[in-house]
Amino acid sequence: MPLSRPRRGSDRAAVRRGGNLMESDALYEQRLEKLRRLRAAGEPVYERAFPDREPVQEAIEGFAEGRRMRLAGRIHSIRGHGGSAFADLRDATGRIQIYLRRNLLPEGVFDRVRDLDIGDIVGVEGTLFVTKTGEKTLEVRGLAVLSKALREPPLGKSKDDRHWYALADTETRYRRRYLDLMANEDARRVFLVRSRVIRGIRAFLDARGFAEVETPIMQPVPGGAAARPFVTRHRALHADLYLRVAPELYLKRLLVGGFEKVYEIGRNFRNEGISTRHNPEFTMLELYEAYADYGGIMRLLEEMVSSIARDVLGGDSITFRGKEICLSPPWARLPLLQAIRDRTGEDLSPERGEAEALAAAGRLGLEIEEPRTYAKIVDEALKGRVVPALLDPVFLTEYPVALSPLARRSPGQPLLAERFQAFAGGLEIANAFSELCDPLDQRERFEAQIAARRLGDEEAHRMDDDFIAALEYGMPPAGGLGVGVDRLVMLLSGADSIRDVILFPQLKPEHR
RNA sequence: GGGGGCGUAGCUCAGUGGUAGAGCAGCUGCCUUUUAAGCAGUCGGUCGGAGGUUCGAAUCCUCCCGCCCUCACCA
């Protein structure tokens, strides 16, 4: 609703619908009037491109007194001095000061400077010089007002690293990310880190012979993770389809087909709660390597993360939430049940049985929803008591099979699976296992999941007959990995919330 | 859903019972090397909403709305 134009009418009351998202009528009208004046003076606002401009960064780094340059960007501040004015111009590469002087501009052009506002987008041409206070500045000889900002952007003032009046309201920052990006240097930095991380993942895997593939986002049977799916309806097919909760079962079909190293980076969708670590749609890297196992995947992951950290941050040591974390390999390895024993003193080994686990859960004061299965108890103990303490990167290994319906059993320990999850900074960033390639065992695991579903576990897996059929044609042994890319970016950028690393995070629909 | 916090001018915020403030932004002047430009003047708020207590409410009480955090949920 606040996307509509502010109401006309009363010029004394700010339009309050939409709260701080709305400019007052008076400010809007003033800017409209300036637009009219600019157009009347022959300025074709909104109507032309500004080709052949150079990046602002080039003006700063390639500075030479008297160098002629064409620059374009948004005006972030303007300081008028009667017959002259200074303004700060910013483009994607940096900020530079421009100097506008009546007798240096073509006849009549300086009059348009008074109709410039913070937020306007201009193209300028002129020569570089240094002011008497030592600042590199463009002396403008030609000015083009390209776009007028009719609303005042929330650009604070700043000097050095101190800032005034910046946009702070979290709701506005998330709903109108463009304002956040305009106003907050740190927001821009985080999304650049994100871009580099994803590029780094691709470069790392491509260099190791992995093929990037794309598998269905709309799936007839959602699988590969325990999560509630979003449902949608395909009209022509007269069928329900599900937005994928994971690409896993399709990627494994590719192993059956003969691909040996594949990965996919893409969006998964889970119809579950939203928190600082969860967004309904999130980006996952999944990869599979035939003939490998979870040990090989551990080495791949620790190497990938530390090398990306070096590329993006220039080192593999990071400060996350005030703690120093070293990402250089090798990362610690710790069996899950031992980690739980270390933190809680309780032994949740599967052979001790569900009743014993339930008793332990009671002693630990864990609140567990029905059905209170062994798998859930272990999971609760892990998430509640162990994960938050895992700051330095660590692989927790050997998960109960009951928690891991797609993972291969450990040799000699049939109730445990060759699985690990990687944690750092208190965040779960990856999940991996030696993939189960035994179609008979897989069918039994699915049947156990279906039994759990019948008991009310809506997140349990469904039967996927076609996937079983694929396994029956023979899938090579393989190691598989899933990485929460958003969380990895959180870790590497120091973000406190997943919403700070997703450009347009899911929020409650705006209404009023 | 439980618990906590917040909501005052376009922005950032003061103001805890006496009738609404500052800086910045805006507007009007002056100012041709400023940079949180400066100087002078000026506009702007049903203090999230409704009800209540009170001689008097931004302030106290109740309910509601919105957002954030946290717990639960999310292998």
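Author: What follows takes the helix pairs in turn, then the sheets, a salt bridge and some backbone details. The model is predicted, and the description below should be read as an account of that prediction.

Two packed helices are described by the angle between their axes and the distance between the axes. The helix pairs are treated in those terms.

Helix H5 covers residues 185-207 and helix H7 covers residues 294-313; their axes come within 9 Å and cross at roughly 135°. An angle over 145 degrees would count as roughly antiparallel, and H5 and H7 are therefore oblique to each other. Their crossing is right-handed. On the H5 side, the contact is made by Val193, Arg196, Val197, Gly200, Ile201, Phe204 and Leu205. H7 contributes Leu300, Glu303, Met304, Ser307, Ile308 and Val312. By class, this contact of H5 with H7 has nine nonpolar, two polar and two charged residues.

Tyr291 sits in the loop between strand E13 (281-290) and H7. Although Tyr291 is not a glycine, its phi is positive, at about 70°.

The next pair is H8 and H10. Helix H8 spans residues 336-344 and helix H10 spans residues 374-386, with axes that come within 10 Å and cross at roughly 55°. That angle makes H8 oblique to H10. H8 passes H10 in a left-handed crossing. From H8, the residues in contact are Leu336, Leu337, Ala339, Ile340, Arg343 and Thr344. They meet Tyr374, Val378, Ala381, Leu382, Arg385 and Val386 in H10. Sorted by class, the residues of the contact of H8 with H10 are nine nonpolar, one polar and two charged.

A further backbone detail concerns two prolines. The peptide bond from Pro329 to Pro330 is cis, and its omega is near 0°. Pro330 is placed in the loop between strand E15 (323-326) and strand E16 (332-335).

The remaining helix pair is H11 and H12. Helix H11 (residues 439-454) packs with helix H12 (residues 465-472) at an angle of about 160°, and the axes are 9 Å apart. H11 and H12 are therefore roughly antiparallel to each other. The crossing of these two helices, H11 and H12, is right-handed. Pro439, Gln442, Arg443 and Phe446 are the H11 residues in the contact, and they meet Asp465, Phe467, Ile468, Leu471 and Glu472 in H12. The contact of H11 with H12 has five nonpolar, one polar and three charged residues by class.

Now the sheets. Five strands make a closed barrel in the order E1-E2-E3-E5-E4, and the pairing is mixed. Within this sheet, neighbouring strands are turned by 55° against each other on average, direction ignored. Strand E1 (residues 68-80) pairs with strand E2 (residues 84-91) in the antiparallel sense, over six bridges. In that pairing, Ile78 stands opposite Ala87 in E2.

Arg37 forms a salt bridge with Asp115, and the closest N and O atoms are 2.5 Å apart. Arg37 lies in helix H1 (residues 25-40) and Asp115 in the loop between strand E3 (94-101) and strand E4 (121-130), so the pair ties together parts that are 78 residues apart in sequence. In total, the structure holds 46 salt bridges.

Another sheet is open. Its three strands run in the order E9-E11-E10, with antiparallel pairing. Strand E9 (218-219) and strand E10 (231-234) stand at the edges with a single partner strand each, so one side of each is left without a neighbour in the sheet. E10 and strand E11 (residues 239-243) pair in the antiparallel sense over four bridges.

Technical notes:
Residues numbered from 1 in each chain as written. Chains lettered and ligands numbered in written order. Predicted model: local features only at pLDDT ≥ 70, side-chain atom pairs only at ≥ 80, totals over all residues. Heavy atoms only, no water. Axes fitted to C-alpha atoms, helices over the stretch in contact; angles between N-to-C directions. Parallel < 35°, antiparallel > 145°, perpendicular 65-115°, else oblique. Left-handed = near helix turned anticlockwise from the far one by under 90°. Contact = heavy atoms within 4.5 Å. Nonpolar A, V, L, I, M, F, W, Y, C, P; charged D, E, K, R; others polar. Pairing = 2+ DSSP bridges. Salt bridge = Lys/Arg side-chain N within 4 Å of Asp/Glu carboxyl O.
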